[in-house]
Amino acid sequence: SVLDRLLDPSATELPADLRGQLDATHVAVMGHSFGAATTGAVTRDDARFIAGLAVAAPISVLGPVAISSIHVPFGFLVMREDNSIGEIGNRLIRMDAMRLPGAATLVELDDAGHWSISDLCGLVPAFEAGCGDGVRGSVPGDVPFTYVDSAEAREVAADVAAGFFATHLLGDPGGDTFVRRLD
């Protein structure tokens with residue numbers, strides 16, 4: 001429904017300069033956590049979306065999305081020390097990327113937790129996973145470490161998204177090179 005409104009030239013809730021300006025042939029979706037599952041469902045159900053990027057969650061487990069039903073370029077951003085979905089969740093993301101029938105991009109962010117890429121990191125106790133000091137989930141034992149700085153993690157995530165979408169929305173081969181260099 002958001003895309004419907006963004007594409008509607010008579011949508012009065014949009015700034016006048018934006019109405020009718022969006023190109024419906026170059027639309028993608030990105031989501032974090034449960035939004036990643038939504039991203040999978042949207043790309044499965046709405047042919048207007050020509051690419052999707054899921055962050056910090058598998059798309060085949062959180063929602064009813066069969067990987068075989070995704071036929072657009074799809075990217076995954078893994079937080080390697082995600083203590084919300086754990087190493088099992090990260091393995092499921094990697095499996096989703098391997099089983100995808102279309103083009104798949106997988107980028108993994110070292111020392112990042114579930115909320116590391118969010119400006120909500122540490123705002124309330126529920127958003128502390130990925131902030132400050134933690135214990136690694138990617139290796140056995142209680143190995144302490146410090147999560148990547150949230151500002152740096154947000155910058156990397158923005159770079160991944162910009163490169164991925166430049167490749168798949170604009171046809172810029174340099175975007176893919178940039179994304180793969182970050183991995």
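**View 1. Surroundings of Phe164.** Leaving aside residues up to four places away in sequence, Phe164 touches Ala51, Gly52, Leu53, Pro73, Phe74, Gly75, Thr105 and Val179, where contact means heavy atoms within 4.5 Å. The model is a predicted one, in which local features need pLDDT of at least 70 and side-chain atom pairs count only at pLDDT 80 or more, while totals for chains, interfaces and linings use all residues. Residues are numbered from 1 along each chain as its sequence is written, and side-chain values use heavy atoms, with hydrogens and water left out. Phe164 belongs to helix 4; helices (H or I, at least four residues) and strands (E, at least two) are DSSP runs, numbered from the N terminus. With a relative accessibility of 2%, Phe164 counts as buried, a term that stands for under 20% relative accessible area, whereas exposed stands for over 50% and partly exposed for values in between (1.4 Å probe, protein chains only). Although Phe164 and Gly75 are 89 residues apart in sequence, their C-alpha atoms are 7.3 Å apart in space.

**View 2. Strand 3 and its two partners.** Strand 3 (residues 74-79) is largely enclosed by the rest of the structure, because 6 of its 6 residues are buried. Phe74, Phe76 and Val78 are buried on one side of the strand, and Gly75, Leu77 and Met79 are buried on the other, so that both faces are covered. Strand 3 pairs in the parallel sense with strand 2 (residues 49-55) over 4 bridges, and two strands count as paired if DSSP finds at least two bridges between them. In this pairing Leu53 stands opposite Gly75, while the bridge partner of Gly75 in strand 4 is Thr105. Strand 3 also pairs in the parallel sense with strand 4 (residues 104-109), over 6 bridges, and here Leu77 stands opposite Val107. From strand 3 the chain crosses through helix 3 (residues 86-99) to strand 4, in a β-α-β crossover that is right-handed; that is, with the strands pointing away from the viewer, the path from the first strand over the helix to the second runs clockwise.

**View 3. Ala151 in helix 4.** Ala151 lies in helix 4 and is partly exposed, with a relative accessible area of 40%. The C-alpha atoms of Ala151 and Thr39 are separated by 24 Å, the two residues being 112 residues apart along the chain.

**View 4. Two loop residues with positive phi.** Most residues other than glycine have a negative phi. Ala56, in the loop between strand 2 and strand 3, has a positive phi near 60 degrees, and this residue is buried, with a relative accessible area of 0%. Asp111, found in the loop between strand 4 and strand 5 (133-135), has a positive phi near 55 degrees, and Asp111 is partly exposed at a relative accessible area of 27%.
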